[in-house]
Every structure is written in structure tokens, then in C-alpha cells.
Amino acid sequence: MKIRIRILSVLAPIIALFTAVLICSAILNFIDRDPVETFRSMFEYGTSGKSIVSIINRSVPLYISAVAVAVGFKMGLFNIGVEGQYLLGALLAAAFGSYFALPPAIHILFILFVASLSSGLWAGIAGYLKVKKGIHEVISTIMLNYIGTGIIAYLLAQVFFEKDENDSLKVPQTNYLPESGQIPPLNNLLGIEDLPNLHGFLIGAIFIGIFYYWLIWKTSLGYDLRATGSNPIAAKFSGADPAKMVILAMLISGAIAGMVGMSGLTGYYHRYTIDFTSGLGFVGIGVALLGRNHPIGMALGAILISFLERSSQILDLKDVPKEIERIMQGIIILFVVIGYEIVRRYVLTSQIKEASKEVLNE
């Protein structure tokens, strides 16, 4: 039974991928484009050396975003506010991190701490509102996204605007991080010289994945989170405090969300500017769904989404609309969710039948 369930769970995303390819092929034929040539070009471009490094770099923040969302999912919460949480955390981390010159390791840890603390506290507001005021976390986190965006805009416009000698405004951005606050690329360690820089925060993403697995499946806190998410009443009788679990889950989810922007801040931009990468929080929701909230599944989902985004860049040269990549993403996520729901219902039906047989045999 367990083997059959695992096989079905693995087949769901594979079937979704093939379904997306078939539907997109039909769309390409409809607009007089060769689907075979289109997908061949995407695959060749996406598997080149430079593209592989780019895909890994893109996957790091997407994976961390998915982990942040998954913590809430395990608790039965929908943290839609990862977007605002990581952007606000990145801004404050860049601002405070640029004011100090500490020993390299300590400086980097300080930047990560500021980002995690500020994002966690920002997410904790939604947890508090849910527990004390009964406000659903979807509403509060969406509203906090808008509020956070407003705060970021104000700080960039009123606090962090650079000025030239004539006291005229130049660029809305924080100061650059000192070299001690920058994470060097992994190219030197791996002996890669002719390819783009591989972000050093890849190691941080791996540790975050390990921490997530340990927290959710190997600790009593993780058990209480999962139990409360499945059945709050039963969890309460087992000793867990549902209200406390809600706030803790949002704090942890937000703290992890603060790490989403750290690969870009410490490894690429080295400051917060109006060009800082956005949208990662929303894409992370889809990655979490693709990976079924499992650390390995989410890693594969992040790589898949990053591959589609990177490989679609070649389509402009082939006179193919890049929107076909967005269509593929949407179809894959939709059919994966449908597939997982079919598997869940199949498992539930099988368990009911087995329980009924046991009762009849007795």
C-alpha cells in the first residue's frame, strides 16, 4: 500500500509536466510555431554551462521562499505575506549591515539575524491578529504586503536617497555592504572560472532545508505544529496550545522568509535598491505546492521553475512568445495540485475500506 502511494505521488508531477508539454504544443501549433523546435531550443539553452549556474542561483531564493510557505502549510496556515516579509527584511538588513565593519563571519551572521528577526516579527503580526482578533491570515498577510511595500517606499524616498554635492537626489538605495558583509561566490572553491558566479548562499539554502526537515519531522515542536494543523481540537487535548502554535508558526515562517533575499543582497546587489528582485514570495507558493512541502520535492520544484524561466529567454530569438513559459508553469502547478488531491482521496478511501474489512472480520 505504502509503495503504491509513493509511486502515485511521484507520478503526479511527471504526468503534470507531460500534460503541460502537450497543451503548450497545441498552443504553439495554433499560432503556427513548431513545438518540437521550440522545446528543443529551450532544452539546449537551459542545459548549457552558463544556464546551469544561472538556474542554481535562481533556485536558491525560490527554494527558501517555498520552505517559508511550507512551514505555514504544515500548520494549516497560508502565509501569503512572504513577499513583503523578505523585502522588508532585506531592506533593514542592508541598512543596518552597511553601518558596521565587523569580522567577516560575524558581519554576515549579523546581517542574516537582522533580516530574519525583522521578517519574523512582521509575520508574527498576522499570527497575533489571527489568535487575538480572529482575522484570517490570508487577509492580514496580503494587507501586510501592501503596508510593507509602503514602508519600503517611504524609507527609500525619505531616508536612503543618496545626494550629490548640490544636495540633489540621485538614487534610492542603501549604502553598499562592506566586503566583510558580502558572501563570496563558490566558483573559486569549485574551480569554476569560465562561468558566471555561483552564489555562496547556496550553502545557506541547504542548511535551511536541513533545519526545516529537522524541525518539522524530528522535534516535538514540529509534531505539535503538524498535529495542530491537522486537528486543532485533538492537538489541544494532547497538550499543544493551538494559539501558541499559530504565532510560533508565523514567526518561524517569517524568519525563514527573511532569508529569501539574502542570496541577492550578500552575493549580488550588496545593497538594497529599487531594482532588488521581487516576486519571489508568490512564486514560492507554487514551488511549495509542487514539492508537496517536502524539502527534496521543493528543491526539485525550484529547479524546474528556474529551468523554465531561464530556458524561455531563448524564445525571443526564435520568434516565440515567452508567455508560453508562464502557461507551462500554471498548467504544471494546476495539474500537480489536482494529482496530489486525487492521491489523497485514494489513500483516504483505501484506509476506510481496510478499516471496514477489519471491523467486518471481527
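A: Glu309 and Arg58 form a salt bridge, with their closest N and O atoms 3.7 Å apart. This pair links distant parts of the chain, 251 residues apart: Glu309 is in helix α14 and Arg58 in helix α3 (residues 49–74). Helices here are DSSP runs of H or I with at least four residues, numbered from the N terminus. The model is predicted: local features need pLDDT of at least 70, side-chain atom pairs count only at pLDDT 80 or more, and totals for chains, interfaces and linings use all residues. Residues are numbered from 1 along each chain as its sequence is written, and side-chain values use heavy atoms, leaving out hydrogens and water.

Q: What is the rule for a salt bridge, and how many salt bridges does the count come to?
A: Side chains of opposite charge can pair when their charged atoms come close. The rule asks for a side-chain nitrogen of Lys or Arg within 4 Å of a carboxyl oxygen of Asp or Glu. The count comes to seven salt bridges.

Q: Is Glu309 buried or exposed?
A: Buried means under 20% relative accessible area, exposed over 50%, and partly exposed in between (1.4 Å probe, protein chains only). Glu309, at 17%, is buried, while Arg58, at 25%, counts as partly exposed.

Q: Where do Arg345 and Glu341 lie relative to each other?
A: They are four residues apart in helix α15, so about one helical turn separates them. Arg345 is exposed at 53%, and Glu341 is partly exposed at 26%.

Definitions and conventions. Helix = DSSP H or I, 4+ residues; strand = E, 2+ residues; numbered from the N terminus.
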